[in-house]
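Subject: Structure handover

Hello,

Here is the structure we spoke about, with my notes below it. Please read the notes with the coordinates open.

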Amino acid sequence: MPAELLQAAPLALLFALPVAVVGGLLLHLMRRRSMTAAMVTLALVPLAAALGGVVGVSGLMYTPQLVGTIAVCAVVGLATVPVAWWLGSRFARDALWQREADAAELEAVRHAEAARRELVAWMSHDLRTPLAGIRGMTDALADGIVTGPEAAEYLARIRRESDRMADMVEDLFQLSRATSAGLDLTLVPLALGEVVSDAVAAECTTASAAGVAVVADRPEDWPVVSGSDSELTRAVRNLLTNAVRHTPAGGRIELAAGVREGRAWLRIQDGCGGIPEGDLDRVFTVGFRGEHARTPGQGPGAGLGLAIARAFVEAHGGGITVRNHAPGCVFELELPHVVPARRVAQA
């Protein structure tokens, strides 16, 4: 018996090895083309190699053992090929999904990196120009070039530029908090009317100076929401600041709130004249100001207020939308609604 095995082994290897080599080449060619075909080939190559080895050992002669081996290989092939086809299809779908997910993740990383670089460039420009002006004015004051009433004007300008840069730094800090994965909000029931009242009180001086009226529609009837007082007030105040900044003198800002399908909503209607349709999807982008020029002191803010508002509202489990509606546009917040215990008892 061992002598027969020693004689059969070289013949089996001689006939099986070419089949295995050809199968390996086929797998190499199809590795990037069809996962299903590669799996079927992988299932058939061992059977074909075994069959070739048996044929070689039989001396290419018709024998009962050869017929039995062929029958067994055929049955095994009928059982394994469908399974290999099914597995190949599954692997192909999973690989395609993973490739698309990796591509989407890579694109998101690239977009975030591009946004970060753009924000750094914008903020560097917005800070560098007033800093240069402050340095020039302080040098003029230190050298005694400017004296008397002009010196007081220089000091006032330095104060204004310092306050504006402090506001920009504060916006950067709030944006960092709002977009941080570790942001932990303490959510409590808040009367939406009181939150908006605090935000309006903070902006009333600016609105009065700009000649803009802020009107609320029955705030005592507004719903109660689940939120964090400081962050939610900050989001509403940023929206009001944006509305006041873009509403011309003599215009008005209307605020209304209610409940729709179990969610509380707050609507802020300004008189800005509308936003270009191409910019509606970009108004919440970090650094976007609706214009290409970034001249500090002459245009709107650093372009962080709306991005901060959206981030804080989304951290509450809500959302913000914007649409054009004469005479301007409407920003609408959606927040989790809380039914007060008193109302539940009355019901």
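To begin with the cysteines, the structure holds zero disulfides, a disulfide being a pair of cysteine sulfur atoms within 2.5 Å. Before the rest, the conventions. This is a predicted model, in which local features need pLDDT of at least 70 and side-chain atom pairs count only at pLDDT 80 or more, while totals for chains, interfaces and linings use all residues. Residues are numbered from 1 along each chain as its sequence is written, and side-chain values use heavy atoms, with hydrogens and water left out.

Cysteines

The terms are as follows: buried is under 20% relative accessible area, exposed is over 50%, and partly exposed lies in between, with a 1.4 Å probe and protein chains only. C204, at 37%, is also partly exposed.

Strand β7

Helices (H or I, at least four residues) and strands (E, at least two) are DSSP runs, numbered from the N terminus. Strand β7 covers residues 328-338, and eight of its eleven residues are buried, so the strand is largely enclosed by the rest of the structure. Two strands are said to pair if DSSP finds at least two bridges between them. The partners of β7 are listed here:

- β3 (residues 224-227) runs antiparallel to β7 and is joined to it by two bridges; V224 has V338 as its bridge partner in β7.
- β5 (residues 263-269) pairs with β7 in the antiparallel sense over seven bridges; Q269 is partnered by V330 of β7.
- β6 (residues 319-325) is antiparallel to β7, with seven bridges; G319 is partnered by E334 of β7.

The hairpin formed by β6 and β7 has two residues between the strands.

Helices α6 and α7

Helix α6 (residues 229-246) and helix α7 (residues 305-315) have axes that come within 8 Å and cross at roughly 145°. Axes here are lines fitted to C-alpha atoms, for helices over the stretch in contact, and angles run from 0 to 180 degrees between N-to-C directions. From α6 the contact uses E231, R234, A235, N238, L239 and N242, and from α7 it uses G305, L306, I308, A309, F312 and V313. Contact means heavy atoms within 4.5 Å. By type, the residues of this contact are seven nonpolar, three polar and two charged. In that scheme Ala, Val, Leu, Ile, Met, Phe, Trp, Tyr, Cys and Pro are nonpolar, Asp, Glu, Lys and Arg are charged, and the others, Gly among them, are polar.

Two single residues

G251 sits in the loop between α6 and β4 (252-260). Is G251 buried or exposed? Its relative accessibility is 19%, so G251 counts as buried. Not counting residues up to four places away in sequence, G251 touches G211, V212 and A213. G211 is 40 residues from G251 along the chain, and their C-alpha atoms are separated by 7.3 Å.

Y154 belongs to helix α4 (residues 149-178). With 21% relative accessibility, Y154 counts as partly exposed. Apart from neighbours within four places in sequence, Y154 is in contact with M137, A140, L141 and V146. Y154 and T138 are 16 residues apart in sequence and 8.2 Å apart in space, C-alpha to C-alpha.

Regards
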